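The report below is meant to be read beside the sequence and the coordinates. Please keep both open while following the residue names.

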Amino acid sequence: MTATTDLDVREGVDRETVETVQNMGSYKYGWDTEIEMEYAPKGVNEDIVRLISEKNGEPQWMTDWRLEAYRRWVTMTEPRWALLNYPKIDYQDQYYYARPKSMEVKPKSLDEVDPKLLATYDKLGIPLREQMILAGVEGAEAAPAEGRKVAVDAVFDSVSVGTTFKDELAKAGVIFCSISEAIREHPELVKKYLGSVVPQSDNYFATLNSAVFSDGSFVYIPPGVRCPMELSTYFRINAENTGQFERTLIIADKGSYVSYLEGCTAPKRDTTQLHAAVVELVILEDAEIKYSTVQNWFPGDEDGKGGIYNFVTKRADCRGDRAKVMWTQVETGSAITWKYPSCILRGNESQGEFYSIAIANNWQQADTGTKMIHLGKNTRSRIVSKGISAGQAQNTYRGLVTMHPRATNSRNYTQCDSLLIGDKCGAHTVPYIEVKNTSSRVEHEATTSKVDDDQLFYCRSRGMDEEEAVALVVNGFCREVLQALPMEFAMEAQSLVAISLEGSVG
Amino acid sequence: MLKINNLHVKLEEEDKQILKGLSLEVPAGQVHAIMGPNGSGKSTLSYVLSGRDGYEVTEGEAHLDGESLLDMEPEERAAAGLFLAFQYPVEIPGVGNMTFLRTAVNAQRKARGETELSSGEFLKEVRAKAAELQISPDMLKRPVNVGFSGGEKKRNEILQMAMLAPRMCIMDETDSGLDVDAMRLVSEGVNALRSPDRSFLVITHYQRLLNHIQPDVVHIMSNGRIVKSGGPELALEVEENGYGDLLAEAG
Ligand SMILES: Nc1ncnc2c1ncn2[C@@H]1O[C@H](COP(=O)(O)OP(=O)(O)OP(=O)(O)O)[C@@H](O)[C@H]1O
Ligand SMILES: [Mg+2]
């Protein structure tokens, strides 16, 4: 996906690692980087919270904000309403802070970043050098490979390694940096918006995140600005027994536009790891945010050992009239996924869209969906969810659509399709619909089907093997969502669909 | 090229025998036609040869150039050069026709140890072949067979055949549903593919197709067996008199 880089990595080493990766089987991001890390002691308590705050060089108000969250968290209990079955999580048996030793003194430029770190991102295909991304989308055969700029913030375990194209973005007035930097450099914006969409007290995982989040990305697009390039953050969990708690805050000021991509990978380990992120989007009048995720955390092995527990709170607040948000997610990884990117349609005529592909194979469990909260008049929302289950996996779509009394003349359309591969997996659809006015309309369509034998035979009779055939048919099933992705991610997502279904047939 | 010997096939799920000792040989470079009443087992034969699930071969064998077909996976048979133009082509929602074709072409090339076609090479070839069959660029972009008319589906099968360049082409009622002009296009497509090392097995109900694609041999199939074989004149006889006399004569 990326053009060749000018990274100073010794060639021999890299090739060897790449081969190891290829020999590891279906999860191709399962290798780890041997890197000297600095950890906070295991477990979480007020001292740990203070330590994280101190490591990030935060002002007192931020430390206090975290402590307040922590004190609330200890009074809360973990929610268990999702269709997810997992052993009790021991919150004291993990590390809450891990950073590469080389990051102790923040490198001033990429040349100062540990080559091992750079090599990690290179191997993941993530451009840390400022460069063009080459992309071509399947189906659009005529489109020539075309260079497009994508700015990247790379988060490695608990810290941001670097952000590219900062200067060019700054010229447009766009702020794109790590959240820890934003807390130091743009306190007025952070103070105003942090926790304003997902309050500290929102839910168990969000509250924990508020106390211990270590890094993440921050974006501010000034009024009337169309962000000159795609922004993206790549999260990499590397350290063992370490939770990742990132926090993302994006503010699209009046009449602005930004498209933001998020990618996630983690090494193969046989112990589970916790990931509890919070993403807050603030969209003011006439502004628009497109937020795309390709989540490919390690899903655990064929026997259900290991994998990431992914408890994520993502919410967009369309605060102004005609504000627009579009969530697109491709969720192929994680042992457990608990995630409901939501839209608060507060402004009149605001719009929320949710496009989702959730694939659960082997022993993966996904409970994911969205919430569309219609508060403003003439608001619109659209939900397209494609759930694919294979192996012994369980896949649940859970969606809430509410039309408040004030949200007159509003519309929601929900299309929720489930595809089953094999007969040991399950698909569940749990829609909650509340309409509190008479002029609004909610439409819900749901289908569940098995992957069609005639389609598979047709493909195979043309020479594709069974896995290729399944991947092709499933990609077709997901097409509507894949098309909603920015071109840079569509190809990657397509091959990810194929990879994550490996071993699901035959 | 294709050699079928005493093939007995029953349905896997129920105790129903469909092919009852069918034998047939199509030498390289020849075109053979199969005609026969509805339900005589023609499509079943084509499915069994291409490896569809749901059938059990209880006796007999089938070879493609000496290789036993029945032990192979469907994709292996395809890579070995077998192609079936379906009587009822399957719709695959969301998968672009072009993507489908390219995946198929490259899968076969890979299986044969050849390098994959670049998208430029592929595009050039597919556009030229589609134009010959009067398949519009729009149809190449649309999902495989979804919303295609009956005749469009059949032409699309022939496009796939032309792109995959198989050695043994089985066509199951490709002429059904084609208008006169489409019939000519398809026949021209097929005739262009005729060569000394390529054979055709053409299943049809109508003599008309055989006016365009001259068969070397015509077989009459009934109740799971070939009951009579002859020259092109056999097709004319069926067209004029139906199957009654032929079948009575065969016992
Ligand atoms: N899966 C099945 N289940 C039940 N019966 C089947 C199945 N497949 C085939 N048959 C039966 O086997 C017989 C042969 O069917 P086949 O489709 O091969 O006939 P055909 O010669 O191609 O007919 P047509 O000229 O109408 O296309 C028919 O009686 C059909 O009903
Ligand atoms: Mg038939």
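This is a predicted model: local features need pLDDT of at least 70, side-chain atom pairs count only at pLDDT 80 or more; totals for chains, interfaces and linings use all residues.

Residues are numbered from 1 along each chain as its sequence is written, chains are lettered from A and ligands numbered from 1 in the order in which they are written, and side-chain values use heavy atoms, with hydrogens and water left out.

## Chain A

The secondary structure of chain A comes to 12 helices and 23 strands, where helices (H or I, at least four residues) and strands (E, at least two) are DSSP runs numbered from the N terminus. Of the 506 residues in chain A, 61% are buried; buried means under 20% relative accessible area, exposed means over 50%, and partly exposed lies in between, with a 1.4 Å probe and protein chains only. Among the contacts in chain A with a separation of 6 or more, 84% are between residues 24 or more positions apart, a contact being heavy atoms within 4.5 Å.

Strand E16 of chain A, residues 342-345, is covered on both faces, with Ser342(A) and Ile344(A) buried on one side and Cys343(A) and Leu345(A) buried on the other. In a regular strand the side chains alternate between the two faces of the sheet. E16(A) is joined in parallel by 4 bridges to strand E13 of chain A, residues 307-318, and two strands are taken to pair if DSSP finds at least two bridges between them. In that pairing Arg315(A) stands opposite Ser342(A). E16(A) also pairs in the parallel sense, over 4 bridges, with strand E18 of chain A, residues 365-374, where Ile373(A) is the bridge partner of Ile344(A).

Gln364(A) is found in the loop between strand E17 (351-360) and E18 of chain A. Is Gln364(A) buried or exposed? Gln364(A) is buried, with a relative accessible area of 5%. Leaving aside neighbours within four places in sequence, Gln364(A) is in contact with residues including Pro299(A), Thr332(A), Ile359(A) and Gln394(A).

## Chain B

Two open sheets of chain B are described here. One has 4 strands in the order E2-E1-E4-E5, with antiparallel pairing. Strand E2 (17-26) and strand E5 (67-68) of chain B stand at its edges, and because each has a single partner strand, one side of each is left without a neighbour in the sheet. The other has 6 strands in the order E6-E9-E10-E3-E11-E12, with mixed pairing. Its edge strands are E6 (82-85) and E12 (225-230) of chain B, each pairing on one side only, and the twist averages 20° from one strand to the next.

| Strand pair | Sense | Bridges | Residues standing opposite |
|---|---|---|---|
| E1(B) (residues 2-11) and E4(B) (residues 55-64) | antiparallel | 8 bridges | Leu2(B) and Leu64(B) |
| E3(B) (residues 31-35) and E10(B) (residues 199-203) | parallel | 4 bridges | Val31(B) and Phe200(B) |

Helix H1 of chain B lies across E1, E2 and E4 of chain B and runs at about 105° to E1(B); axes are lines fitted to C-alpha atoms, for helices over the stretch in contact, and angles run from 0 to 180 degrees between N-to-C directions. Thr44(B) lies in this helix, which spans residues 42-50, and is buried, with a relative accessible area of 12%. Not counting residues up to four places away in sequence, Thr44(B) touches Ile18(B), Leu19(B) and Tyr55(B). Thr44(B) and Lys10(B) are 34 residues apart in sequence and 9.7 Å apart in space, C-alpha to C-alpha.

## The contact between the chains

The contact takes 22 residues from chain A and 35 residues from chain B. The area buried between the two chains is about 2400 Å², of which carbon and sulfur atoms give 60%; buried area is the accessible area (1.4 Å probe) that two parts lose on being put together, summed over both.

Across this interface the rule finds 4 salt bridges, each defined as a side-chain nitrogen of Lys or Arg within 4 Å of a carboxyl oxygen of Asp or Glu. Glu73(B) forms a salt bridge with Arg460(A), the closest N and O atoms being 2.6 Å apart. On the side of chain A that touches chain B, the elements giving two or more residues are helix H9 (453-461) and helix H10 (466-477) of chain A, and H9(A) gives the most, with 7 residues.
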